Amino acid sequence: MEEYLNLIPVRNEKIELRKIDGKYYLLVPMDSMLDFLARKLHGDYRRIELDEVGAYILELCDGRRTVREIGKALKARFGDEVEPLYERLVVFLLNLHKRYLITFIKPNEEIANGDYYERSP
């Protein structure tokens with residue numbers, strides 16, 4: 001568990017978080033050729049419904065905060081509702097990662113275009 005707390009989750013740039021009719025949805029573009037039939041039936045986006053906690057976590061995955069910092073922000077906003085905090089947070093983030101919705105980087109790690117994610121102390 002400890003090895004994840006210093007990682008920085010970064011949202012996939014292609015996804016969008018949107019509130020529709022009072023519910024939070026993660027809109028994932030269906031841009032693969034394999035998604036042809038799904039696009040015909042459901043439109044250009046796959047929608048994943050999130051609760052308020054999940055939506056807040058996704059907002060915080062901005063490439064500037066570590067998992068530990070995201071946990072502290074969750075605790076401050078939701079209190080005991082998010083306990084056991086880090087166990088739930090890491091499992092949620094790993095599920096997002098499996099779906100290619102976020103990636104994890106280490107502080108000051110070089111990214112694809114040669115830039116660096118730098119953290120201020």
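In the predicted model, the side chains of Arg 68 and Glu 2 form a salt bridge with an N to O distance of 2.7 Å. A salt bridge is a side-chain nitrogen of Lys or Arg within 4 Å of a carboxyl oxygen of Asp or Glu. This pair links distant parts of the chain, with Arg 68 in helix α4 and Glu 2 in helix α1 (residues 2–5), 66 residues apart. Helices (H or I, at least four residues) and strands (E, at least two) are DSSP runs, numbered from the N terminus. Arg 68 is partly exposed, at 24% relative accessibility. Buried means under 20% relative accessible area, exposed over 50%, and partly exposed in between (1.4 Å probe, protein chains only).

Residues are numbered from 1 along each chain as its sequence is written. As the model is predicted, local features need pLDDT of at least 70 and side-chain atom pairs count only at pLDDT 80 or more, while totals for chains, interfaces and linings use all residues; side-chain values use heavy atoms, with hydrogens and water left out.

The count of salt bridges comes to 7. In one of them Arg 18 is joined to Glu 16, with the closest N and O atoms 2.7 Å apart. Arg 18 is partly exposed, with a relative accessible area of 36%, and Glu 16 is also partly exposed, at 31%. Another salt bridge connects Asp 80 with Lys 75, where the closest N and O atoms are 2.9 Å apart. Asp 80 is exposed, at 62% relative accessibility, whereas Lys 75 is partly exposed, at 31%.

Strand pairing was assigned where DSSP finds at least two bridges between two strands. β2 and β3 pair in the antiparallel sense over 5 bridges, and Lys 19 stands opposite Tyr 24 in β3. The two strands β2 and β3 form a hairpin with 2 residues between them. Asp 21, in the loop between β2 (16–20) and β3 (23–29), has a positive phi of about 50 degrees although it is not a glycine. Asp 21 is exposed, with a relative accessible area of 77%. β3 also runs antiparallel to β4, to which 6 bridges join it; here Leu 27 stands opposite Arg 47 in β4. Of the 7 residues of β3, 5 are buried.

The second largest pocket holds about 180 Å³ of space. On a 1 Å grid over the protein atoms alone, a pocket is an open set of points where a 1.4 Å probe fits, with protein on both sides within 12 Å along at least five of seven lines; lining residues have an atom within 4 Å of a point. Grid points are joined across faces, edges and corners, and a volume is the space filled by probe spheres set on the points. β3 and β4 (45–50) each supply at least two residues of the lining of this pocket. Among the lining residues are Val 28, Pro 29, Arg 46, Ile 48 and Tyr 100.

Tyr 100 is located in the loop between α5 and β5 (102–105). Its phi is near 60 degrees, a positive value in a residue other than glycine. Tyr 100 is exposed, with a relative accessible area of 67%. In the loop between α4 (67–78) and α5 (85–98) lies Pro 84. The peptide bond from Glu 83 to Pro 84 is cis, with omega near -5 degrees.
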